Amino acid sequence: MAYETLLIEISDQTGIIRLNRPDDLNALNNTLMDEMTAALDDFEANDDIGCIVIIGSKKAFAAGADIKELKAFDFASAYQKDLISKNWERVTSCRKPVIAAVSGYALGGGCELAMMCDFILAAENAKFGQPEINLGIPPGAGGTQRLTRFVGKSKAMEMCLTGRFMDAEEAERSGLVARVVPTDSLMDEAKKVAASINAKSRPVTMMVKESVNAAYETALSQGVLFERRLFHAAFATEDKDEGMEAFIEKRDAHFKNK
């Protein structure tokens, strides 16, 4: 497939999606999100890929949704066309781990897209925010929900009500991002992290992802039971035998994803 708004690359076992609307600070429009869905579908179907990285430019991961496109909607058209729902949520259903590598601005829809990923690596120059209130609208792609789960009610409420940006240091301190890395080495670090994940058993990385995500969706007792059942299921894999034998033999494990 030829992409207008994305640059697609496969590096070793990592699928890389680079947002590519430089004149618009990678603003997210329907074309980009349709192409994002298609790229994620392709990567999910490719058995050679174990992890996915989504990245923007040094200046902007994504500075928000495309306001020129949004301005044309009224309530009826937004509701009937299921604005956002129909093509923004694919990343949330990926079974393979998805890393957001954020440099520069991740605002509005850009912040929401990053939060849909499994974790965020932030460059030192990253800035996060939900400034939709300045446009006369609330966040609409999970900003009030996911941000609150990441940073707590008070900070999420303040950011969504005022539109204030959060820098990388505050984002790490608040639990929004996993780590902050030097801006110029963001892509290299994302590839290293992806390579580390790719070296693990793929069925087990999927189990871990499902289990951690369950912590946000269920009560503790239900989440622990879900984790326990996945733990039990892992004992049916060849990779469990290889991993434990490698540990006992003091060597690196060579998983077969079985």
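**Before you start**

You are looking at a predicted model, in which local features need pLDDT of at least 70, side-chain atom pairs count only at pLDDT 80 or more, and totals for chains, interfaces and linings use all residues. Residues are numbered from 1 along each chain as its sequence is written, and side-chain values use heavy atoms, with hydrogens and water left out.

**Stop 1: the whole chain**

Show the protein chain as a cartoon and look for its twelve helices and ten strands. Helices (H or I, at least four residues) and strands (E, at least two) are DSSP runs, numbered from the N terminus.

**Before you start**

You are looking at a predicted model, in which local features need pLDDT of at least 70, side-chain atom pairs count only at pLDDT 80 or more, and totals for chains, interfaces and linings use all residues. Residues are numbered from 1 along each chain as its sequence is written, and side-chain values use heavy atoms, with hydrogens and water left out.

**Stop 1: the whole chain**

Show the protein chain as a cartoon and look for its twelve helices and ten strands. These are DSSP runs, numbered from the N terminus (helices: H or I, at least four residues; strands: E, at least two). Of the 258 residues, 45% count as buried, where buried means under 20% relative accessible area, exposed over 50%, and partly exposed in between (1.4 Å probe, protein chains only). Among contacts with a separation of 6 or more, 67% join residues 24 or more positions apart.

**Stop 2: helix 10**

Now select residues 202-217, which form helix 10. How far apart are its end C-alpha atoms? They are 23 Å apart, which agrees with the 22 Å that 16 residues should span at 1.5 Å a residue. The expected span is 1.5 Å times one less than the number of residues.

Next, colour the buried residues of this helix: Arg202, Thr205, Met206, Met207, Lys209, Ser211 and Ala214.

**Stop 3: the largest pocket**

Stay with helix 10, which gives the most to the lining of the largest pocket, with seven residues. The space in this pocket is about 810 Å³. To find its centre, select Met115, Cys117, Asp118, Asn213 and Tyr216, the closest to it of the 26 lining residues. A pocket is an open set of points on a 1 Å grid over the protein atoms alone, where a 1.4 Å probe fits and protein lies on both sides within 12 Å along at least five of seven lines; lining residues have an atom within 4 Å of a point. Grid points are joined across faces, edges and corners, and a volume is the space filled by probe spheres set on the points.

Helix 5 (109-116), strand 7 (119-123), helix 6 (143-151) and helix 10 each supply at least two residues of this lining. Colour the lining by type and you get 16 nonpolar, five polar and five charged residues. Here Ala, Val, Leu, Ile, Met, Phe, Trp, Tyr, Cys and Pro count as nonpolar, Asp, Glu, Lys and Arg as charged, and the others, Gly among them, as polar.

**Stop 4: the second largest pocket**

Select Ala65, Leu70, Glu132, Ile137 and Pro138, which lie nearest the centre of the second largest pocket among its 24 lining residues. Helix 2 (67-70) and helix 5 are the elements that give two or more residues to this lining. The volume is about 580 Å³.

**Stop 5**

Move to Ile84, in the loop between helix 3 (75-80) and helix 4 (85-88). Ile84 has a positive phi of about 80° although it is not a glycine.

Finish at Asn257, in the segment after helix 12 (238-248). Asn257 also has a positive phi, about 60°, without being a glycine, and is partly exposed at 32%.

Note on methods
Contact means heavy atoms within 4.5 Å.
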